Amino acid sequence: MVCKYAVCSIISKLKYFHSYCVNITMGILRQLVFKASISYNAHLGTRCMSLLRNKAYVNGNWKTAASGKVFAITNPVNGSAIENVPDMDSNDALEAIKSAYESFSYWGETTAKERAHYLRKWYDKLIHHQEELAKILTLESGKPLKESLGEVNYGNSFIEWFSEEARRVRGDVIDSPMKNKEIIFIRRPIGVAALVTPWNFPMAMITRKAGAALAAGCTCVVKPAQDTPLTALALAAVAEEAGLPAGIFNVITADKGHTPQIGKLFCESPMVAGISFTGSTEVGKLLYSQCANGVKRLSLELGGNAPFIVFKSADLDKAIQGAMASKFRNCGQTCVSANRILVQEDVFEEFLKGFEQEMKKQLVLGNGIDSHVTIGPLINDDQAKKVDNFVKDAVKKGAKVIVGGKKATDFGERYYEPTLIVNVDSRMICYNEEVFGPVATVI
């Protein structure tokens, strides 16, 4: 009995496995991502970054879109262009799928030891380049450099983990109900895995999916979010440097206009055996329906509306620090950010006072490359508008703003003040939907 669910099995378990430096001066790097009021040419600084790429990576080659179209990747700190990357369509994506499909014929037959060896070499190179990877990540996502370094270490750990797990993709012998028969259970790679990843963790979400797939013997086509493809391309550059065989790890880029058709191709192509997607519930439902016709294996990690509950028996100091970390990491742009902080009435006022004090003490807006900054900008203009609308809706319906409550335009158009709101009820959007911004509602 042969089971072909290895990659889905490993990817589905990832949620339980939580937890060369570039020759450039800090002065130049600060100019790269400084405030919009300072005029500079970002390309002059980024030329020194050895891992920056402006082409997609397919079958071991750096490629443009067949149409020649490109789109700009901007720094959310000030909206300045960092680099242009290919705006690929479904025809370009099909080429990448074919490359992965053909490469599977030999990668799927490699030994566990061979796959472990390649993944370990990739991991070693990622460690070698971790500081530059963090700078690229901060440059395109806006998150503080300390958080980016944390994500790089976190992301690297997945490749290390799966370089070791590659040797442990074992089968089993099951007791048979018949005396003259044996039941042997073995695991085999399913084929091409299409990996669609979000912008809020542009490195870790790729390495935890690709590490699992490659360790199982599957090949990959990665479609990163249009806001943060430079980190994905940097990962491909490091993979190339580490000597990963051509075609087993492909990265294609596309703006939002072409992304739906590429997603649809992933779902409908018979050459794609499985899909792993991290993103919004709305898009997850769409991919689910598009995969139905072929009954394709699908792994989804979608949005939520996570509560943070504080009982009167809690250690309030620890509760406050936990709420701070949960709510304001990556400017509140994580799928596990606390959206509603529910506090028992007996300790409500004490918690609220302490939480307000810690917000004012810990949260420093600014350019993520500056070491003292703890809150960067929101990822794009649409996200900034959404967060602002959520707060305005709450205030209009009777909520009270304790801290913040408006855009921090002194820093830039995508900055929003860390905000604390009370008197929130179920009529308000911020109560019912995921905020994905630095807005804490204490109820």
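Is I159 buried or exposed? I159 is buried, with a relative accessible area of 0%; buried stands for under 20% relative accessible area, exposed for over 50%, and partly exposed for what falls in between, using a 1.4 Å probe and protein chains only. The model is predicted, so local features need pLDDT of at least 70 and side-chain atom pairs count only at pLDDT 80 or more, while totals for chains, interfaces and linings use all residues. Residues are numbered from 1 along each chain as its sequence is written, and side-chain values use heavy atoms, with hydrogens and water left out.

I159 has its place in helix α7. Helices (H or I, at least four residues) and strands (E, at least two) are DSSP runs, numbered from the N terminus. Leaving aside neighbours within four places in sequence, I159 is in contact with L119, W122, Y123, L126, T207 and G211, where contact means heavy atoms within 4.5 Å. I159 and A215 are 56 residues apart in sequence, yet 9.0 Å apart in space, C-alpha to C-alpha.

A nonpolar core is a set of buried Ala, Val, Leu, Ile, Met, Phe, Trp, Tyr and Cys residues joined through side-chain atoms within 4.5 Å. The largest one has 57 residues, and W122, L126, L214, F249 and V251 have the most contacts inside it. Helix α9 (residues 229-242) gives the largest share of this core, 10 residues. A second, separate core holds 43 residues, including L316, M324, C331 and V343. Back in the largest core, which has L214 among its residues with the most contacts, L214 touches W107, R115, L119, W122, T219, C220, L244 and I248, not counting residues up to four places away in sequence.

Helix α10 (residues 259-268) has I262, G263, L265, F266 and C267 buried. The buried residues of α10 pack against α4 (90-107), β8, β9 (219-223), β11 (272-278) and α11 (281-291).

Aromatic rings are the next topic. Rings of Phe, Tyr and Trp (its six-membered ring) pair if their centres lie within 6.5 Å; planes under 30 degrees apart count as stacked, over 60 as edge-to-face and the rest as tilted. The whole structure has 8 aromatic pairs. In one of them, W199 and F436 sit edge-to-face, 5.6 Å centre to centre with 85 degrees between the planes. This pair links distant parts of the chain, 237 residues apart: W199 is in the loop between β8 (192-196) and α8 (204-216), and F436 is in the loop between α15 (429-432) and β17 (439-442). Both W199 and F436 are buried.

Another pair, F351 and F355, is stacked, at 5.6 Å centre to centre and 15 degrees between the planes. Both residues lie in helix α13 (residues 348-362), 4 residues apart, about one turn of the helix. An α-helix has 3.6 residues a turn, so residues three or four places apart point the same way. F351 is buried, with a relative accessible area of 0%, and F355 is buried with a relative accessible area of 0%. Ring pairs link F328, F351 and F355 into a cluster.

F328 is found in helix α12 and is buried, with a relative accessible area of 4%. Beyond its neighbours within four places in sequence, F328 is in contact with E147, F355, M359, L363, I375, P418, T419, P438 and A440. F328 and I375 are 47 residues apart in sequence and 7.7 Å apart in space, C-alpha to C-alpha.

The largest share of the lining, 4 residues, comes from α12.

N59 has a positive phi of about 55 degrees although it is not a glycine, and N59 lies in the loop between β2 (56-58) and β3 (61-63). V295, also not a glycine, has a positive phi of about 45 degrees, and V295 is exposed, with a relative accessible area of 70%.
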